[in-house]
Amino acid sequence: MNHRIGVLISGRGSNLRAIIDATRSGALKATVALVISNRGDAPGLARARDAGIATLCINPREFADRDAYDRAIVEALRARDVSLVCLAGYMRLVGRTILEAFPDRILNIHPSLLPAFRGLEAQKQALEHGVRIAGATVHVVTADLDAGPIVMQAAVPVLPNDTVESLSERILVEEHRIYPQAIAAVLDGGDGSRQSPVISRQSGIEALVAAVPFATAEAIKVVDLSGAPTDVSCAVQARFPRAAIKTFNDTFDVAALDWWDAMFGADLVVAADVMPRLTDAKKQYLYKAAADRVSTRGGILVLDRVGEPGSPLLHHLVWLKHAGFGQVDCRWLVDGVAVFGGFTPRPAAASELPLQAGS
Ligand code: GRF
């Protein structure tokens with residue numbers, strides 16, 4: 001089925017461009033049926049016209065009140081058989097009339113990892129707050145500003161000399177990637193995304209790779225417990241071209257001595273998606289054994305779901321500390337999916353006799 005999308009914009013429309021491109025390449029099985037702006041001079045309107053897409057400027061000043069304005073928008077969208085509405089830099093609140101006409105069928109993209117930094121100037125808020133990881137969120141629009149159910153997120157690192165402009169640009173790259181994907185997910189899955197928010201696996205991996213505290217030119221020694229080269233090891237290799245990454249054909253097994261041997265002297269042990277298969281006792285054992293084996297600056301990074309009923313994040317951080325890692329931190333936590341870990345094992349831990357596998 002070819003879905004018909006309506007896009008509301010107020011500005012330059014780079015996300016609109018990404019959506020149009022995805023419909024044209026076939027990545028998004030939908031058509032942009034109409035682009036509406038509250039501003040006649042929005043550069044995005046000209047972009048849409050150039051792409052041969054129907055456009056409308058609906059100027060709020062020409063309506064008696066907000067409700068009359070919203071009704072005009074609904075009529076225009078309905079006249080074009082639109083079934084999903086995407087806000088892309090639309091700088092007005094969406095009123096009840098539009099929300100009721102398209103229940104759970106309005107999406108928005110926001111330049112932060114919601115629920116952090118709602119409202120205007122999210123990138124500036126993030127910089128002022130000193131966060132190390134920023135990002136973008138696609139969410140379902142509800143009556144509360146930037147607060148509806150999350151459909152997809154992507155994380156980007158905040159770099160030491162970032163300005164609002166440089167951070168916004170980095171986030172925008174991710175916006176353009178995830179907005180079409182999120183629209184496709186909502187169109188494919190109906191509104192299933194409301195019950196179980198989709199965290200893009202890609203964004204978790206990016207957050208994990210961004211948390212590795214070594215210079216990209218270093219020939220770091222990595223052990224990826226996920227097993228035979230996965231998207232995680234590929235992402236690590238892409239950021240650290242000189243890294244030596246050790247994998248085995250199967251994912252990590254506490255009883256496999258090869259895995260334990262490979263950890264000796266490693267700078268980084270990557271445990272993505274391994275934790276759900278381990279009991280709490282085995283998780284603690286893994287942390288302790290990794291601390292005993294990695295290099296003096298080395299560490300372990302984990303990508304895991306850490307909400308209830310599993311082990312809460314706090315347990316992991318305490319276990320990592322107890323295992324002997326000096327720097328223990330959570331680098332990214334979105335909807336219960338976290339990237340966390342420990343680095344720099346205490347010399348005492350590194351000098352103790354390694355534990356026996358299975359003990
Ligand atoms: C984007 O940063 C988006 O997250 C926010 O407004 C900006 C729109 O940019 N809602 P563009 O008009 O799509 O280029």
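Phenylalanine 117 has 24 C-beta neighbours inside 10 Å and therefore counts as buried. In this predicted model, the residue belongs to the loop that runs between strand S5 and helix H5. Its phi is positive, at about 55 degrees, although phenylalanine 117 is not a glycine. The loop between S5 (106–110) and H5 (122–129) also holds proline 115. The peptide bond leading from leucine 114 into proline 115 is cis, and its omega is near 10 degrees.

A positive phi is also found at aspartate 146, a residue other than glycine, where the value is near 55 degrees. Aspartate 146 is placed in the loop between strand S6 (133–140) and strand S7. Here the count is 19 C-beta neighbours inside 10 Å, and aspartate 146 is therefore classed as partly exposed; the cut-off for a buried residue is 20 or more.

For the protein as a whole, the secondary structure amounts to 13 helices and 13 strands. The chain has 359 residues, of which 43% count as buried. The C-alpha trace spans about 80 × 40 × 35 Å along its principal axes. Among contacts with a separation of 6 or more, 68% are between residues 24 or more positions apart.

Strands S5, S6 and S7 belong to an open sheet of seven strands, in which the order is S3-S2-S1-S4-S5-S6-S7 and the pairing is mixed. The edges are formed by S3 (55–57) and S7 (150–157); each of these has a single partner strand, so one side of each has no neighbour in the sheet. On average, and with direction ignored, neighbouring strands of the sheet are turned by 20 degrees against each other. Within the sheet, S1 (residues 3–9) and S2 (residues 30–37) are joined by seven bridges and pair in the parallel sense.

The ligand is surrounded by 15 residues, and the closest are Gly11, Ser14, Asn15, Gly89 and Pro111. Two or more residues of this shell come from each of helix H1 (14–25), strand S5 and helix H6 (164–188). The most is given by H1, which contributes three residues to the shell around the ligand. Divided by class, the shell contains six nonpolar, seven polar and two charged residues.

From threonine 230 to threonine 247 the separation is 17 residues in sequence and 9.1 Å in space, taken from C-alpha to C-alpha.

Two packed helices are described by the angle between their axes and the distance between the axes. For helix H11 (residues 280–293) and helix H12 (residues 313–323), the axes come within 8 Å and cross at roughly 35 degrees. The crossing of H11 with H12 is right-handed. On the H11 side the contact is made by Lys283, Gln284, Tyr287, Lys288 and Ala291, and on the H12 side by Trp319, Leu320 and Ala323. By class, the residues of this contact are five nonpolar, one polar and two charged.

Strand S12 (residues 325–334) and strand S13 (residues 337–345) run antiparallel and are joined by eight bridges. Tryptophan 332 has valine 339 of S13 as its bridge partner. The hairpin of S12 and S13 has two residues between the strands, and in this hairpin aspartate 335 takes a positive phi near 50 degrees.

Notes
Residues numbered from 1 in each chain as written. Predicted model: local features only at pLDDT ≥ 70, side-chain atom pairs only at ≥ 80, totals over all residues. Pairing = 2+ DSSP bridges. Helix = DSSP H or I, 4+ residues; strand = E, 2+ residues; numbered from the N terminus. Axes fitted to C-alpha atoms, helices over the stretch in contact; angles between N-to-C directions. Buried ≥ 20, exposed ≤ 12 C-beta atoms within 10 Å, placed from the backbone. Near = placed C-beta within 6 Å. Nonpolar A, V, L, I, M, F, W, Y, C, P; charged D, E, K, R; others polar. Contact = placed C-beta atoms within 7 Å. Left-handed = near helix turned anticlockwise from the far one by under 90°.
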